[in-house]
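Me: Before I rely on any of the labels used for this protein, I would like to see how each one is reached.

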Amino acid sequence: HGVLASLMLGGGLRLGEACGLTWDSVSLGAAVVQVSRTRTLLAGEFVESEPKTRAGSRTLAIPDFTCRILTEWFEVQRGSKTQCGTRWLGGSRVVTLPDGATPSRTQAAYRLRTRALDAGVPPLRCQDLRHLSASLALAAGVPITEVSRRLGHANVSISATTYAHALRASDRYVAGATESA
């Protein structure tokens, strides 16, 4: 269903942030998610924690396509929970495998690569979706400060350095807009 990819592309979430997301931090009616946990694999065990910085905890508006995918996934997941019964491993986490387990970075990367190839596009890494989200926002004229906030960067200079290529394109847009004004 592409729930992980839609969260990373639509919300700019990191893999660990998407894996730490629970249904009580999702409001489909308001089209927002609250990022407040990360879930990462360390030494063979999943560890949940708060984001590294205060900027990592944030509320994000999500696009309609992400809401649609989350709505569909909620129903699929409900069926999986019923089928698994007491063997369900996912608690109330949003991003799960069919048995409720959290996908590892390797599993997530494999699924994304496979889906990209099936769709006829070049293989993608998980972080490519997050970077694409930021680059598209910048190309659309969203200010770097807002993109930085959405990404949970502690400092806008991190975003400016990482996305300098998109900022140059935005600069050309500003020059053209100034000319036509």
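Reply: What follows takes the labels one at a time and sets each value against its definition.

Reply: This is a predicted model, in which local features need pLDDT of at least 70 and side-chain atom pairs count only at pLDDT 80 or more, while totals for chains, interfaces and linings use all residues. Residues are numbered from 1 along each chain as its sequence is written, and side-chain values use heavy atoms, with hydrogens and water left out.

Me: How do you know where confidence is lowest and where it is highest in the protein?

Reply: The pLDDT is the predictor's confidence in each residue, from 0 to 100, and the protein averages 89, with 92% of the residues scoring at least 70. By that score the lowest confidence falls in helix 8 (residues 164-180), at a mean of 67, and the highest in strand 1, at 98. Where pLDDT is low, the predicted coordinates should not be read in detail.

Me: Why is the pair of Trp 23 and Phe 74 called edge-to-face?

Reply: Rings of Phe, Tyr and Trp (its six-membered ring) pair if their centres lie within 6.5 Å, and planes under 30 degrees apart count as stacked, over 60 as edge-to-face and the rest as tilted. The ring centres of Trp 23 and Phe 74 are 5.0 Å apart and their planes stand at 85°, so the pair is edge-to-face. By this rule the count comes to one aromatic pair.

Me: What makes this pair a tie between separate parts of the sequence?

Reply: Trp 23 sits in the loop between helix 2 (15-20) and strand 1 (26-27), whereas Phe 74 belongs to helix 3 (residues 64-84), so the pair ties together parts that are 51 residues apart in sequence. Helices (H or I, at least four residues) and strands (E, at least two) are DSSP runs, numbered from the N terminus.

Me: How do you know whether Trp 23 is buried or exposed?

Reply: Buried means under 20% relative accessible area, exposed means over 50%, and partly exposed lies in between (1.4 Å probe, protein chains only). Trp 23 has a relative accessible area of 13% and is therefore buried, whereas Phe 74, at 32%, is partly exposed. Ser 80, which lies in helix 3, is buried at 14%, and this residue touches Trp 88 and Pro 98, not counting residues up to four places away in sequence; contact here means heavy atoms within 4.5 Å.

Me: Why are strand 1 and strand 5 said to stand at the edges?

Reply: Two strands pair if DSSP finds at least two bridges between them, and three strands form an open sheet in the order 1-2-5, with antiparallel pairing. Strand 1 and strand 5 (58-61) each have a single partner strand, so one side of each is left without a neighbour in the sheet. Strand 1 pairs with strand 2 (residues 32-35) in the antiparallel sense over two bridges.

Me: What makes strand 3 and strand 4 a pair?

Reply: Five bridges join strand 3 (residues 38-42) to strand 4 (residues 45-49), and the two run antiparallel. The bridge partner of Leu 41 in strand 4 is Phe 46. Their hairpin has two residues between the strands, and there Ala 43 takes a positive phi near 50°.

Me: Why is the contact of Glu 48 and Arg 39 called a salt bridge?

Reply: A salt bridge is a side-chain nitrogen of Lys or Arg within 4 Å of a carboxyl oxygen of Asp or Glu. The side chains of Glu 48 and Arg 39 meet at 2.7 Å, N to O, in a salt bridge. Glu 48 is partly exposed at 34%, while Arg 39 is buried at 13%. The structure holds seven salt bridges, including one in which the side chains of Asp 128 and Arg 125 meet at 2.6 Å, N to O.

Me: How do you know that Glu 146 and Arg 149 are separated by about one helical turn?

Reply: They are three residues apart in helix 6 (residues 144-151), which means a separation of about one helical turn. An α-helix has 3.6 residues a turn, so residues three or four places apart point the same way. Glu 146 forms a salt bridge with Arg 149, the closest N and O atoms being 2.9 Å apart.

Me: What makes the span of helix 5 close to the expected one?

Reply: The expected span of a helix is 1.5 Å times one less than its number of residues. Helix 5 (residues 126-139) has 14 residues and reaches 21 Å from its first C-alpha to its last, close to the 20 Å expected.
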